[in-house]
Amino acid sequence: MADHTGGARADVELRLPAEGAYATIVRTTAAGLAARLDFTIDDIEDLRIAIGEASALVIPEADPGTDLVACFWFGGGSMTVELETEAVDDPPLDTESFAWQVLDTMAQDASAGSEGGRFRVRFTVTSATAAGMTGAEL
């Protein structure tokens, strides 16, 4: 799968306060976008869960008063999502956390970490139906 985040402009970008109350807006936006990409109901629910867990990783690391930036890239029956916020202390990723374990299971190519005062989580969710896969390819 091609890396849709290689510096190219996101297909959709959403900027919200980095507060837990706004995570539902990111989940709803992702679900709406996935529906337009012909993801199945199960694929959309997997995406919603992945967004929730990614939000649970990113939002607590955000510096007070900063934004959560959600970027979405589309391609080949897949959606790549990146959630990012300012985190001056460059917090480490807890790979033993429940949120990371669920995200790593629900999505492909999950990665996370801090760099340059930013904390980000990136992952891809692929719809077997939207990608045109058959049972033999799954």
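Me: What makes the crossing of helix 2 and helix 3 left-handed or right-handed?

Reply: In this predicted model, helix 2 passes helix 3 in a left-handed crossing. The label applies because the near helix is turned anticlockwise from the far one by less than a right angle. The axes of helix 2 (residues 41-58) and helix 3 (residues 98-106) come within 9 Å and cross at roughly 145°.

Me: Which residues of helix 2 and helix 3 meet?

Reply: The helix 2 side has D46, I49, A50, E53, A54, A56 and L57. The helix 3 side has F98, A99, W100, V102, L103 and M106. By class, the contact has 11 nonpolar, no polar and 2 charged residues.

Me: How do you know on which side of helix 3 the buried residues lie?

Reply: A99, W100, V102 and L103 are the buried ones in helix 3. They cover an arc of only 165° around the axis, so they sit on the same side of helix 3. F98 and T105 are exposed on the other side. The buried residues of helix 3 pack against helix 2, strand 4 and strand 5 (118-126).

Me: Why is D38 called exposed?

Reply: The cut-off for exposed is over 50% relative accessible area. D38 has 57%, so D38 is exposed. D38 is found in the loop between helix 1 (23-36) and helix 2.

Me: Where does D109 lie, and why does D109 count as exposed?

Reply: D109 lies in strand 4 (residues 108-115). Its relative accessibility is 57%, and exposed means over 50%, so D109 counts as exposed. D109 also has a positive phi, about 55°, although it is not a glycine.

Me: What makes strand 1 and strand 4 edge strands?

Reply: The 5 strands form an open sheet in the order 1-2-3-5-4, with antiparallel pairing. Strand 1 (12-17) and strand 4 each pair on one side only, and they are the edge strands.

Me: How do you know that strand 1 pairs with strand 2?

Reply: Pairing needs at least two bridges. Strand 1 and strand 2 (residues 67-75) are joined by 6 bridges, so they pair. They run antiparallel. V12 has F72 in strand 2 as its bridge partner.

Me: Which strands does helix 3 touch on the sheet?

Reply: Helix 3 touches strand 4 and strand 5. Its direction makes about 140° with that of strand 4.

How values were computed. Residues are numbered from 1 along each chain as its sequence is written. This is a predicted model: local features need pLDDT of at least 70, side-chain atom pairs count only at pLDDT 80 or more; totals for chains, interfaces and linings use all residues. Side-chain values use heavy atoms; hydrogens and water are left out. Axes are lines fitted to C-alpha atoms, for helices over the stretch in contact, and angles run from 0 to 180 degrees between N-to-C directions. Helices (H or I, at least four residues) and strands (E, at least two) are DSSP runs, numbered from the N terminus. Contact means heavy atoms within 4.5 Å. Ala, Val, Leu, Ile, Met, Phe, Trp, Tyr, Cys and Pro count as nonpolar, Asp, Glu, Lys and Arg as charged, and the others, Gly among them, as polar. Buried means under 20% relative accessible area, exposed over 50%, partly exposed in between (1.4 Å probe, protein chains only). The arc is that of the directions from the helix axis to the C-beta atoms.
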